[in-house]
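Here is a short walk through a structure that may be new to you. Keep the sequence and the 3D view at hand as you read.

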Amino acid sequence: MAKPSTDKPAQKEILLVFRHAPYGSALAREGLEAVLACGAMGAKTSVLYINEGVWQLLEAQNSAAIDCKNQAAMASALPLYDIDDIWVDEDSLRQRNLSGADINAGKIISRSRVQTLLASSNKSILSF
Amino acid sequence: MEKALKLDSDGHLLHLADWTEQAAIQLAASEDIELSDAHWEIIYLLKDFHQRFELSPPMRPLVKYIAQQLGKEKGRSIYLMQLFPPSPARVASKVAGLPRPENCL
Amino acid sequence: MLLHTVNKSAFDSSALADCLRVVATSDAVLLIENGVYAALNSPQSGFEHSESIAQLSADGTRFYVLQADCEARGLDDAKLAAPFEIIDDAGFVALAAAASAIQSWY
C-alpha cells in the first residue's frame, strides 16, 4: 500500500459512484467534473461505475451529434489525473447485455467486491 | 496591424476556432512572453490534449501528459514555470486558445 | 397512426413498459435520448421487454431509434435488436407529420 504520509494526517480516500447514463441528465457530467477536481488536487480517488453508470464506458461515443461534450473522451483522461482505480460492476454490465469488450476502461468486479469497496472505512463516497 | 481578438473575462479566446499562430503571439505578448520553439512545442501539445480529452488540463495532468509525450526532462513543473510564468497551466492554455483550466489552483 | 416516443432508459424507468402496454399494431414507437439503450438488447440477453417488442413487431407495430442519440452514446448499429430501424432527424419529422398525434413517454 501507499507509504505513510509524513506531512499530514491520514487523508480520507474519495470514492465516486457513477450511477447514471452519460447524457440526458447533468449527473454524469457533474460527476466527471468532481472526479477530475479530486484528481487535480491530489486526493486519493477511485471510481465505481454501476447501474446506468456503465453506459458511460461505451466506446465510440460521438456526442457532437447531440451538441454535448464527449464524456468518454473526458473520462479517458482519468489516468492523467492519477486516478487509476476504476471499477465496473459486473451485474450492471450483464443486465444491459454488455461485456468487457464493449467498455473502454475499468476493472470488472463482482457484487461482493462492490460491497467490500463501499464498506471499507476511512472513505468518503460521492454519488452521481 | 494586430487584429482584435474576442476574449472572455479571463482574457482567454472565446472561440477556439479563432486561434491562429498570430493570435498565440498576441496572447503571449499580453502575458509578456515571447514565443520560442520550446513554447510552441508545449502549445501544440496542449491543443492535442484538448482535442483528445475535451479538457483544459490543470498543472498535474499537464505535467504528466508532457512527461509521457516529450519525456521526463520537460514533464516537470519547473520547466513549464520558466516558459509560462507565473501560472503555467493557466498561461499556456490561454496562449493555446483553450478555456481557462477548471480546478486551477 | 400514433407516434410514441420513449426518452428514458428502460433500466431505470417504466416509460418503455408503460408504452408497450398500450401501443397499437398500427402505431410507431421511436426511442430517443436515453430510451435508445433498450434497442441494444435482444431476446438472447434476457431483456424483459424483448418478447413483447418482438410480438408487437410481428403484428405490425413499427420500432425506430434516433440516429443522433445512438451515435452520441456509442451504440453500435450492428448490435441493435432486429425490430429497430435507425432513422435520422428528417425521418423523425416525417414520422411526426404522418402521425395523427404524438404520445411522449418520459
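The paragraphs below go from chain contacts to cores, rings, a helix and some backbone details.

This is a predicted model. Begin with how the chains meet. There are 2 pairs of chains in contact, and chains A and C share the most contacts. Chain B and chain C do not touch. Their nearest C-alpha atoms are 15 Å apart.

Now look at where chain C meets chain A. Chain C gives 17 residues to the contact, and chain A gives 19 residues. The size of an interface is often given as the accessible area lost when the parts come together. Here the area buried between chain C and chain A is about 1,400 Å². Carbon and sulfur atoms give 53% of that area. On the chain C side, C:Phe11, C:Tyr37 and C:Ala72 lose the most area to chain A. Together they make up 32% of what that side buries. The interface also holds 1 salt bridge. C:Lys79 forms a salt bridge with A:Asp102, and the closest N and O atoms are 2.5 Å apart.

A:Trp55, C:Phe11, C:Tyr37 and C:Phe47 are linked by ring pairs into a cluster.

Next, the interior. In soluble globular proteins, nonpolar side chains tend to be buried together. The largest nonpolar core of this model has 83 residues. Which residues touch the most other members? They are A:Val35, A:Tyr49, A:Tyr81, B:Phe84, C:Leu16 and C:Leu31. The largest share of this core, 7 residues, comes from α2(B). Take C:Leu16 as one example. Beyond residues up to four places away in sequence, C:Leu16 touches C:Val6, C:Ala10, C:Leu31, C:Ala38, C:Phe47, C:His49 and C:Ile53. Another core, of 9 residues, lies apart from the largest one. Among its members are C:Leu30, C:Ile32, C:Ile87 and C:Ala99.

Turn to the aromatic rings. Over all chains, the structure holds 11 aromatic pairs. One of them joins B:Trp19 and B:Tyr44 edge-to-face, with 5.7 Å centre to centre and 90 degrees between the planes. This pair links distant parts of chain B, 25 residues apart. B:Trp19 is in the segment before α1, and B:Tyr44 is in helix α2. B:Trp19 counts as buried because its relative accessible area is 12%, under the 20% cut-off. B:Tyr44, at 38%, is partly exposed. In chain A, A:Lys107 lies over the face of A:Trp87, at 4.8 Å from the ring centre.

Stay in chain B for helix α5, residues 88–95. Is this helix enclosed or open? In α5(B), 8 of the 8 residues are buried, so the helix is largely enclosed by the rest of the structure. Its buried residues pack against α1, α2, α3 and α4 of chain B. B:Gly97 follows α5(B) and has a positive phi, near 85 degrees.

Last, the backbone. Most residues other than glycine have a negative phi, and most peptide bonds are trans. The bond from B:Pro85 to B:Pro86 is cis, with omega near 0 degrees. B:Pro86 is in the loop between α4 and α5 of chain B. A:Ala60 has a positive phi, near 60 degrees. A:Ala60 is found in the loop between β2 and α2 of chain A, and is exposed at 65% relative accessibility. C:Glu33 also has a positive phi, near 45 degrees. C:Glu33 lies in the loop between β2 and α2 of chain C, and is partly exposed at 33%.

Key:
Residues are numbered from 1 along each chain as its sequence is written. Chains are lettered from A and ligands numbered from 1 in the order in which they are written. This is a predicted model: local features need pLDDT of at least 70, side-chain atom pairs count only at pLDDT 80 or more; totals for chains, interfaces and linings use all residues. Side-chain values use heavy atoms; hydrogens and water are left out. Rings of Phe, Tyr and Trp (its six-membered ring) pair if their centres lie within 6.5 Å; planes under 30 degrees apart count as stacked, over 60 as edge-to-face and the rest as tilted. Helices (H or I, at least four residues) and strands (E, at least two) are DSSP runs, numbered from the N terminus. Buried means under 20% relative accessible area, exposed over 50%, partly exposed in between (1.4 Å probe, protein chains only). A charge sits over a ring if NZ of Lys or CZ of Arg is within 6 Å of the ring centre and within 35 degrees of the ring normal. A nonpolar core is a set of buried Ala, Val, Leu, Ile, Met, Phe, Trp, Tyr and Cys residues joined through side-chain atoms within 4.5 Å. Contact means heavy atoms within 4.5 Å. Buried area is the accessible area (1.4 Å probe) that two parts lose on being put together, summed over both. A salt bridge is a side-chain nitrogen of Lys or Arg within 4 Å of a carboxyl oxygen of Asp or Glu.
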